[in-house]
Every structure is written in structure tokens, then in C-alpha cells.
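Please examine the sequence and the three-dimensional structure shown below. The paragraphs after them are meant to be read alongside both.

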Amino acid sequence: MSAIPPDLRYTTEHEWVRVEAGLCRIGITDFAQERLGDVVYLELPAEGAEVTAGDPMGEVESTKSVSDVFAPVSGTVEEVNAECRENPAAVNQDPYGDGWLAVIRVSDPDAVNQLLSAGDYETLVASLDEG
């Protein structure tokens, strides 16, 4: 597993958030993509859709299973990664870069501060690896 980027925020459901001028770019973590295996299909929300933190906003289908992608923050979907939809393997190859899933205009900017820090997420992942 690659290093957990220190500049991102995380959820207990293994999504990451990068804050970019009032917008939140989101994806699934390296830990999540590793557990899923080869990603073969993505169902992403429509641009303009309203999403609610903690609710499913899409799905990731791999050779092993289908998993929900949960909205880490509430807001409006501004953009989805169409290239990733065409090439779902990007989630495996570059989960923190080209494998991003969506950009959300967050309705409450303070909500990001409620997400896990990189250190807290690292502790979570370590506890899961032990189990």
C-alpha cells in the first residue's frame, strides 16, 4: 500500500477529500482500491446532483465485489471524472490522482474539518490490517 497523503481528509468508509478553493475533489483510498481488486465499472452521480454526507452517491464494481461510494460531504456535484468512467482501472493505478471520482461544491465548508486526518486514517487502516 502506498503512503497516505497527509494533505487529504478521509472517511471511515475509505473515501478521500482534497479541498480546492471551496470545492472537494473526492475518490477512494489506496487501501480501498487494494481491497476491492481490479475495478471494472464505476457508477458516478450526475453533475448537478445533490449529495448528502454519509449517503451512497455511486458504486465501484470490481472483479471481487460491488461497493457503495459514500458522499464524504453534503453539497452539489460540480464535475464527475468522465475519463475514469471510461477507464475504471485508473482508480487502481492512481487513486489519489487520475483516479478521482467527483468534485462536490460543499454546502458547509466546516464539514471537511469533521473528517479524519491522515494520521487518524492511518490508525484506522492499521487496526483493520490487524483484524
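The following paragraphs treat the strands, the nonpolar cores, the cysteines and the charged pairs in turn.

The model is predicted, so that local features need pLDDT of at least 70 and side-chain atom pairs count only at pLDDT 80 or more, while totals for chains, interfaces and linings use all residues. Residues are numbered from 1 along each chain as its sequence is written, and side-chain values use heavy atoms, with hydrogens and water left out.

Helices (H or I, at least four residues) and strands (E, at least two) are DSSP runs, numbered from the N terminus, and two strands are taken to pair if DSSP finds at least two bridges between them. Strand β1 (residues 9–10) runs antiparallel to strand β2 (residues 15–20), to which two bridges join it. Within this pairing, arginine 9 has valine 17 of β2 as its bridge partner. Four residues lie between the strands of this hairpin, and histidine 14 takes a positive phi near 75°. Strand β2 is also joined to β3, by six bridges in an antiparallel arrangement. The hairpin of β2 and β3 has two residues between the strands, and alanine 21 in the turn has a positive phi of about 50°. Glutamate 20 has leucine 23 of β3 as its bridge partner.

From β3 the pairing continues to β9, with four antiparallel bridges between them. Here isoleucine 26 stands opposite alanine 102 in β9. Strand β9 is joined as well to β8, by five bridges and again antiparallel; alanine 102 is the bridge partner of valine 80 in that pairing. Four of the five residues of β9 are buried, where buried means under 20% relative accessible area, exposed over 50%, and partly exposed in between (1.4 Å probe, protein chains only).

An open sheet of three strands has the order β4-β6-β7, with antiparallel pairing. Strands β4 and β7 (66–70) stand at its edges, and each has a single partner strand, so one side of each lacks a neighbour in the sheet. The twist averages 25° from one strand to the next, with axes taken as lines fitted to C-alpha atoms, for helices over the stretch in contact, and angles running from 0 to 180 degrees between N-to-C directions. Strands β6 and β7 are joined by five bridges, and glutamate 61 stands opposite valine 66 in β7.

Attention now turns to the interior. In soluble globular proteins, nonpolar side chains tend to be buried together. A nonpolar core is here a set of buried Ala, Val, Leu, Ile, Met, Phe, Trp, Tyr and Cys residues joined through side-chain atoms within 4.5 Å. The largest such core has 26 residues, of which Ile28, Leu42, Met57 and Leu101 touch the most other members. Two or more residues of this core come from each of β3 (23–28), α1 (30–36), β4 (39–43), β6 (56–62), β8 (75–80), α3 (90–93) and β9 (102–106). Apart from it lies another core, of 11 residues, including Trp16, Ala118, Tyr121 and Val125. Leaving aside neighbours within four places in sequence, leucine 101 is in contact (heavy atoms within 4.5 Å) with residues that include Ile26, Ile28, Leu42, Val69, Val80 and Cys84.

Zero disulfides are found in a search of the whole structure, a disulfide being a pair of cysteine sulfur atoms within 2.5 Å.

Two salt bridges are found in the whole structure, each defined by a side-chain nitrogen of Lys or Arg within 4 Å of a carboxyl oxygen of Asp or Glu. In one of them, glutamate 20 meets arginine 25, with the closest N and O atoms 3.1 Å apart. Glutamate 20 is partly exposed at 26% relative accessibility, whereas arginine 25 is buried at 17%. In the other, arginine 105 pairs with glutamate 78, and the closest N and O atoms are 3.5 Å apart. This pair links distant parts of the chain, with arginine 105 in strand β9 and glutamate 78 in strand β8, 27 residues apart. Both count as partly exposed, arginine 105 at 42% relative accessibility and glutamate 78 at 35%.
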